Amino acid sequence: AISVVSLMAAVFPSLQTLVAARALGGLFWGFAAVHYPTWVNRYGPAEKRTMWMAGINAMLLVGIVSGYIIGGLSRALGLASWQKLYMAEGLLMLGCCVCIRSFPAGMVQVTSESEASLPSRGA
């Protein structure tokens with residue numbers, strides 16, 4: 001969803017689309033900030049939860065900081081407009097979505113042992 005909003009801000013540049021992209025991007029980031037720790041707490045092996053959370057937080061921090069650095073330098077040096085930067089962000093996130101879709105379902109959809117023992121809804 002963030003990729004679509006970023007691409008729309010790049011394709012239809014205006015103050016309204018820029019504000020909408022920033023607002024929706026923050027909203028969707030909020031979903032991830034709540035979902036990731038909950039997922040790790042529920043499905044992560046007890047002995048690895050701390051390391052998994054450290055990895056997630058480190059990757060998020062590196063992504064945010066590198067985005068600010070690349071965006072700031074690109075604008076300061078006149079290498080790219082904000083529309084091109086939003087286009088790059090949207091295309092990179094769209095690429096991530098395509099990569100995620102290639103993961104086996106079992107790698108992404110994890111069930112606990114108690115859920116696995118329940119009869120399926122279709123039965």
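Trainee: Where does Ser-6 lie?
Mentor: Ser-6 belongs to helix H1, residues 2-11. Helices here are DSSP runs of H or I with at least four residues, strands are runs of E with at least two, and both are numbered from the N terminus. The model is predicted, so local features need pLDDT of at least 70 and side-chain atom pairs pLDDT 80 or more, while totals for chains, interfaces and linings use all residues. Residues are numbered from 1 along each chain as its sequence is written, and side-chain values use heavy atoms, without hydrogens and water.

Trainee: Is Ser-6 buried or exposed?
Mentor: Ser-6 counts as buried because its relative accessibility is 2%. Buried means under 20% relative accessible area, exposed over 50%, and partly exposed in between, with a 1.4 Å probe and protein chains only.

Trainee: Which residues is Ser-6 in contact with, leaving aside neighbours within four places in sequence?
Mentor: Ser-6 is then in contact with Tyr-86, Glu-89 and Gly-90. Contact means heavy atoms within 4.5 Å.

Trainee: And how do H1 and H4 pack?
Mentor: Their axes are 8 Å apart at an angle of about 155 degrees, H4 being residues 82-101. H1 is therefore roughly antiparallel to H4. Axes are lines fitted to C-alpha atoms, for helices over the stretch in contact, and angles run from 0 to 180 degrees between N-to-C directions. Angles under 35 degrees count as roughly parallel, over 145 as roughly antiparallel, 65 to 115 as roughly perpendicular and the rest as oblique.

Trainee: Which residues make that contact?
Mentor: Among them are Ile-2, Ser-6 and Leu-7 of H1, and Trp-82, Tyr-86 and Leu-94 of H4.

Trainee: Changing topic, where is Pro-37?
Mentor: Pro-37 is in helix H2, residues 15-43. With a relative accessible area of 31%, Pro-37 is partly exposed.

Trainee: What does Pro-37 touch, not counting residues up to four places away in sequence?
Mentor: Pro-37 touches Ala-32 and Met-53. From C-alpha to C-alpha, Pro-37 and Asn-57 are 9.6 Å apart in space, and they are 20 residues apart in sequence.

Trainee: Finally, how many helices and strands does the protein chain have?
Mentor: The protein chain has six helices and zero strands. Buried residues account for 15% of its 123 residues. Of the contacts in the protein chain between residues at least 6 apart in sequence, 62% join residues at least 24 apart.
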